[in-house]
Amino acid sequence: MSSTNSYLHQLNDVQRQAVTAINGPVLVVAGPGSGKTRVLTYRVAHLIEEGIPPWDILTLTFTNKAAREMKERIQQVVGQRADRVWAGTFHSIFARILRVEAAHLGYPSNFTIYDSDDSASVIRAIIKEMNLSTEDYNVNAIRARISSAKSNLIPPARYAQDQELMQADLLNKRPHLQKVYEKYVARCKRAGAMDFDDLLYRMFELLHTNPEGVREKYQQRFRYVMVDEFQDTNHLQYEIVKKLVNYEGSPRNICVVGDDAQSIYAFRGATIQNILDFEQDFKKYNIQVYKLEQNYRSTSHIVQAANEVITNNRKQIPKSIWSDKGDGERIRVLKALSDTEEGKRIVDAILEQKNRHHLRNRDIAILYRTNAQSRIFEEYLRRYNISYRVFGGLSFYQRKEVKDILAYFRLAVNAKDEEALRRVINLPRRGIGNSSVEKISLEADAQNVPMWDLLPRVSLTGRTRTAIDGFIHLIENFRQQAATTNAYQAAIYIAKQSGLVDSLKEDTTVEGMGRVENVNSLLDGIKEFVENQADEEPGTDTSLAAYIQSISLLTDQDEQLQDEEYITLMSVHSAKGLEFSSVFVVGMEEKLFPSFMAMDTPEGLDEERRLFYVAITRAEAFLTLSYSASRYRYGQMRYNEPSRFLNEVDLTHVEMAGGMGSTTIMPGMEPDFDRRSAQTPTSGVSGNFKRKTPANQLMADPKTFKPSPSDQIQTGMKVLHLKFGEGKVLAIDGGRDNRVATIFFQGSDTPERRIMLKFAKLQIL
DNA sequence: CTGCACATGTTTTTT
DNA sequence: ACATGTGCAG
């Protein structure tokens, strides 16, 4: 039956093998644009067609969007049965299970999920209460360290015994970090709250301690497990997966799909070691490995450039991505003198492309290393009247006014939630100031009870006492509402009675009105939630608690957009998994891309390079890279050198057109503010590139290497190149600002190379 | 307790 | 540049 199924004919040989190998462990290494999602979804569809009950299948992804798309695509093949598959993010699936099993862990089933801001706030309070120096105890650094400890399965007690960790903290002048960690965990617990890491950690704990045989329950439940973006999993996630599938007598029907070259989240604990470990761990169970190497997304120049770039990394799973879509356009490189000029040139180029190639806005993306870079492009896009959308930055749910009202909702659902309590106990002002809150907090800590429980009996008098009693009454009232009416009714009630909306309305500035607007759209969203839930199946949960749960794992990225026509502006990180006809990767400069934070270590640099790899492989047909000689950073003008990554792209893939500003735009559209930036337009395209070199062939010692100024380099000189070693300059040609040297490097497989002197690092010998 | 001036710390961030 | 947090005077 299944062999005649049409979906199998939509796959190439390797893809089909990966889809139909349903028994035993499978590792799929999937290059960019190689049909990874297709394989994953068809594999699930295939399982169902083969008679596996959908509810036996678990697919874990990283984003809600990926999970949703997968469900939709499975549905297209197998229809409604797709709804019964367990498809979701690690966090959402585990949260769902943890709500059911919460009692085993000493948690209420309506536990709150703390986001990163909540976590930071808890840590900040602990540092303050312990009277630790806020200078040495940087909140974000501590949060990262706690997160990393949890991700590596090191609870506070084990942390205390770990000499290496304790020693490192001591050296960083944070000897009490372990104590902060311990308190943090205790506080989350007593607040009935789990942070993002807890959703994983507690899941592991549940399977590990195995109360009343829950482990076996889920092992039998999930007989087929799949993991997407496996290169992004951290140690803890892999340990959970192993608990689920790697046990005595297990069929070990586990399929992981990933690409080591696209691992860009090492900074938060993701490790490609998991891919290597997976191969080892399942070796004896007849593991099958498939490599998807055909790229269906991009033309050859782009794919080959990507291949070249990534070979500069020290470690990787060998693979060769190829495309049969033809050479396509060469990669363009734009140079600008300032960040403003970069903005203008990019937007000019966008206009030109739109005209010449009839691209729609949605075909185009501007990708950058840091979100702060978006502003200048926004400015020009606005001026040119091109619609765009910026992704990333503050999410809707992170806005203050939204968080404030959500805090009331959270409190109505779980009164133990201390972060929510701190947020709203004096909002709007009701005369319960910092010192009172501090007192309650310290007392709660001493007695190890939630702050909420202490409110009635904490020794405060007079006005404050009255205010607190009023607050208790208010929240009790809200709890009542939340328990008896649906989410929308309760939300409206709370918004009014809390006084929050009224106090927001007092601010009649544009921003103030925007905040009221945001609260209103939140309320609209809740209304929609109630209606949708009611539509689903009669009897589904439309409570405020259910609403809070549904949004606490959502981000802005999940927002479904109509097919509006806009240009996409986002960080390279956010662009992973997406594709566009035309991609502009901007800010290709040292210290920016690669980031100065990651430049010092080889591992950091490799990750930046993978990030660049991700960036360029987003492009289907047109790829433009740009850099600027200077830009503002933290309010200060900085001068930057072009990114070393530009050097790693072979010249053959780059458009060398000397086209001086060939980016003419339609007459009459030239904005006059251009005159304000008194910059002369630079001559068109340029770049600094090298020819193909084998990776890891350092022929000069980087420690003693000192590049000479490029304008001193003349014909006949002996020079040293970092990668190619010693060479002789045979000739120099090109314009004054664009000199290209032909250099003969002895012993290289392609001894004669043409190198752009402007940036190439050469030392005169 | 509240409001304002000053100081501080800035990569990326699926959840 | 800019937002967010802390300290101090009223």
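1. Let's start where two helices touch. In helix 7, residues I142, R145, I146, A149 and K150 meet L177, V180, Y181, Y184 and V185 of helix 10. Sorted by class, this contact holds eight nonpolar residues, two charged ones and no polar ones. Please keep in mind as you look around that this is a predicted model.

2. How do these two helices lie relative to each other? Two packed helices are described by the angle between their axes and the distance between the axes. Here the axes of helix 7 (residues 139-151) and helix 10 (residues 177-190) come within 11 Å and cross at roughly 70°. Angles from 65 to 115 degrees count as roughly perpendicular, and helix 7 and helix 10 are therefore roughly perpendicular to each other.

3. Stay with K150 for a moment, as this helix 7 residue also has a charged partner. The side chains of K150 and D195 form a salt bridge, with 2.8 Å from N to O. D195 belongs to strand 5 (residues 193-195) and K150 to helix 7, so the bridge ties together parts that are 45 residues apart in sequence. Are these two residues buried or exposed? D195 has a relative accessibility of 5% and counts as buried, and K150, at 2%, counts as buried too.

4. R410 is buried, at 11% relative accessibility, and D118 is buried with a relative accessible area of 4%.

5. Another pair to look up is R223 and D56, whose side chains form a salt bridge at 3.2 Å, N to O. Both residues are in loops: R223 between helix 12 (214-221) and strand 6 (224-227), D56 between helix 3 (36-49) and strand 2 (57-61). The two are 167 residues apart, and the pair links distant parts of the chain.

6. Finally, step back to the whole structure. How many salt bridges does a search of it find? The count is 49. Some of them share partners, and in this way E129, K183, R187, R190, E418, E419, R422 and D445 are joined into one network.

Conventions. Residues numbered from 1 in each chain as written. Chains lettered and ligands numbered in written order. Predicted model: local features only at pLDDT ≥ 70, side-chain atom pairs only at ≥ 80, totals over all residues. Heavy atoms only, no water. Axes fitted to C-alpha atoms, helices over the stretch in contact; angles between N-to-C directions. Helix = DSSP H or I, 4+ residues; strand = E, 2+ residues; numbered from the N terminus. Parallel < 35°, antiparallel > 145°, perpendicular 65-115°, else oblique. Contact = heavy atoms within 4.5 Å. Nonpolar A, V, L, I, M, F, W, Y, C, P; charged D, E, K, R; others polar. Salt bridge = Lys/Arg side-chain N within 4 Å of Asp/Glu carboxyl O. Buried < 20%, exposed > 50% of the residue type's maximum accessible area, 1.4 Å probe, protein only.
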